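Here are some friendly notes to read alongside the model. Please keep the sequence and the structure open while you go through the points.

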Amino acid sequence: MLTLMHFIILSVILFFIGIFGVLTRRNAIGILMSLELIFNAININMVAFSKFLTPQEIYGVIFTVFIITVAAAESVLGLAIILAIYRSGQKIFADEMNLMKW
Amino acid sequence: MISLIFFYIFAVLIVISAIFVVISKNIYYSALWLALTLFSVAGVFILLNAYFLAGIQVLIYIGAVVVLTIFVINLTKEIEGKKEKQHNKQVIPALLASLTGAVLIILAVLKTDWSSRIINWTAYDETAKLGNFLLADFVIPFEAASVLLLIALIGSIAIVSLDKENK
Amino acid sequence: MEKILLSGFLLVVLPFLAFLIIVTFTKRFKMLSALISITAIFISFILSIIILVWQLKDPSSFLKYDIPWLYIGNLKMNIGIIINSLTAIMLLVVTTVSLLVQIYSISYMKGDEGFSKFFGFISLFSFSMLGIVISNNLLQLYIFWELVGLCSYLLIGFWYFKPEAADAGKKAFVVTRFGDFGFLIGILIISYLSGTFDILEIENFVKNGTLSDKMLLIVVILLFCGAIGKSGQFPLHVWLPDAMEGPTPVSALIHAATMVAAGVFMVARLFPIFSASPDAMLFIAYLGAFTALFSATIALTQDDIKRVLAYSTLSQLGYMMLALGSGGYVAGMFHLYTHAFFKALLFLCAGSVIHAIHSNNIWQMGGLHKKMPVTSITFFIAALAISGIYPLSGFFSKDEIFLSILYSGNKLLYYSAMFTAFLTAFYMFRLYFVTFSGKPKEEKNVHESPLVMTVPLIILALLSIFSGFIGIPDIKFSIHKFLFIEHLKEAHFDFKVALTSNIIALSGILLAYLIYGLKIINADNLKQKSGIIYNILKNKYYIDEFYMFLIKNIYYTSTEAIKWFDRHIVDGAVNLVAFLCRWTGGKLKLTITGRVQNYAMYIVLGVILIILAIYVYQPDVMNIVRR
């Protein structure tokens, strides 16, 4: 039987894969993609809880809609920043951007 | 039962493709694997009876975000690809941390009794209800989101084009 | 009633406003500053006359008004004013002398760079002094008490570029601090015991007799410490002669007429408290008598005209204390009142002379009578007054003091006071004859001071002559009726005492005339014959040297140990903390790599730690959903 637990575990696994990506990817675009994974993990969680706990309500779904919106905006801006950095002649590897160091 | 089988299919697809997104040496392949992941998530949404979400998942994520990402990869490709190392020095600690975190939370999930939370499928026109909600109860967040998108649009143009002027 | 209270309030605040205006706006415009300051004090003077006239209608009545300031538990701190006969007479003295001195200063300070500053400070001083007079509670009194100390410091060190002036200012401030310390402790003890700062309430509290005699003695002596410091009584007198480094008008106003009398005024204000402890009163009387005699002997040998006057001030303050200590409340205040006029006059005359000669040394003066007739005559009048010659003001107040001592029955104090009167007459006329009589020492272009300076001298001279007449026992406006206090028996006029004191004073004058006027007795011979005694007196009993010895040997040695402790233990602890901070900072710095992914790693690890902590400490949380 398909239970809430299945979706949550899927969501946890996806979330930590995303975390791993954020922590290890050198390429800033790769980090952004890992962030998309995290967003999707959250979305699965949201929709699953909404559907299982309050089947008649759709608040979870609405939240997911907003999350998708914000994620889209975020990724657009992130990519724009990456492009700007790239154009200024720097590499877009996260571990080489260390100007904020002591 | 059939939904369980479909769930496992999608779940395996999601996990495998997500892992490839993260570990792939070529960032271009990563983007393609990401498309597959997002597509499978749309499938999970369908299993959850969230058809509208599945639709916008495909439209926005795959149709917009992934395409945009690939576009940027193309723009920056000269220094990307296989020549450079794609992962930094903290792969092992990150792996350990992620595994520990995942295991801890999954343990907590397994310890919890979910049996009473069985899905009670009742079919209703979710999209219509969503539309009503977005334009009635949630109209202000909805408008705010639209403003946010506009700002993101202008902002991204500004960030990219300011740089041009400097050159 | 409200009008009187309001004028009492205005009278205090106006000089302060003048001070504010002068220091903030009119510092550049010298005459304008002087005008503002003098206008303010003039209005205060008029107001003080109004208050006095009102008070004369019913001397025993008083007005009191409080504004709440701070309430801490049961302890109430108020800002308040009191107007009674004591206040009224003191207000008049302060404003009169201050007004005349300020007018005088226009000419005396002419051309000085700090002209505006001078008037600003004088205004601030007037404000503080009037504040002391009008305060109705001890806390407020103490605040103003410290303020006059500050003004005194500022004005003694007015010519701060002269090292002696700067040192004298510091000395005055530090030495009076010893006394003020005791005063503060006394105030705190008595208000802790009685639960109030209000003077009238404290008086009632003391009258109820709930305090033990010993406690009362301690409190009274502590309170008296303030008067010892401020009024230069014996162990703390050393600052006043040095304070003469300040401008002469300042010496006249602060170090002769008003501020140094604040100690006497304070004792008079708290008289019911002081008189409740007979032992303390005896102590005050002896200390006053000793100071009077002690400083009079020093004054015999000093060469600096202002220093002679300073020691004379100390001596007269000793008289006032002696009078108060013998129970002569009226006598003490009366002498304060007359002394303010003739001593201010003496100082202003000295200022006039110094202004003309440009020297303080009396041996460089001489024969000034013909060149400066007004100064000479007014000085003569003041000298007669201070010697207590009938019918000048000094006679009445001194007579009052002798009577009260006699009345208290202490023969030793009486003879000591009489002898001091002889010395007083002698050194004052020594000063007069050396300065004004004989032949001019140098052919300098010496001439009389301008009218702005001589008019205040003349007014003060008139006051020195006539202000004593309120001491005639049975007239309508007699000071005995005015400064009436219950349970205080009055000493009645005694012809014998008056005659004795006059004969003694006259013999002192005669002796001075013989030595310094006619030069029949050779002063130098006398000097050599008295040898050691002369040297001791000349060096002011070596008190300053003794204090320096104490400081150099005992104080410095003890501070060495404290210094070591401070350098090594206290500083060491602080340095250790600083070192630890820097060391850990140096190590932690390495974690700030500037790579965002490292920071993200810390966040993830933190989250995992939190999850683990929940597992370890609260396993139940995981089961919440089950319920």
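Which side chains meet in a salt bridge at 4.0 Å, N to O? Keep that question in mind; point 2 answers it.

1. Some ground rules come before the details. This is a predicted model, where local features need pLDDT of at least 70 and side-chain atom pairs count only at pLDDT 80 or more, while totals for chains, interfaces and linings use all residues. Residues are numbered from 1 along each chain as its sequence is written, chains are lettered from A and ligands numbered from 1 in the order in which they are written, and side-chain values use heavy atoms, with hydrogens and water left out.

2. Now back to the opening question. The partners are C:R430 and C:D303. A salt bridge here is a side-chain nitrogen of Lys or Arg within 4 Å of a carboxyl oxygen of Asp or Glu. C:R430 belongs to helix 19 (residues 411–436) of chain C, and C:D303 sits in the loop between helix 13 (278–299) and helix 14 (305–325), so the bridge ties together parts that are 127 residues apart in sequence. Helices are DSSP runs of H or I with at least four residues, strands are runs of E with at least two, and both are numbered from the N terminus.

3. How covered are these two partners? C:R430 counts as buried, at 3% relative accessibility, whereas C:D303 is partly exposed at 21%. Buried means under 20% relative accessible area, exposed means over 50%, and partly exposed lies in between (1.4 Å probe, protein chains only).

4. Over all chains, the structure holds ten salt bridges. One of them pairs C:E245 with C:K162, with the closest N and O atoms 3.8 Å apart. This pair links distant parts of the chain, 83 residues apart: C:E245 is in the loop between helix 9 (239–242) and helix 10 (248–257) of chain C, and C:K162 is in the loop between helix 5 (138–156) and helix 6 (163–194). C:E245 is partly exposed at 23%, and C:K162 is partly exposed at 28%.

5. Next, look at C:D242 and C:K171, whose closest N and O atoms are 2.9 Å apart in a salt bridge. C:D242 counts as buried, at 16% relative accessibility. Salt bridges with shared partners join C:K171, C:D242, C:R307 and C:D544 into one network.

6. Apart from neighbours within four places in sequence, C:S48 is in contact (heavy atoms within 4.5 Å) with C:L11, C:L91, C:L92 and C:T95.

7. Among contacts in chain A with a separation of 6 or more, 60% come from residues 24 or more positions apart.

8. Finally, turn to chain B. B:K85 is in the loop between helix 3 (51–75) and helix 4 (91–111) of chain B. B:K85 is exposed, with a relative accessible area of 56%.
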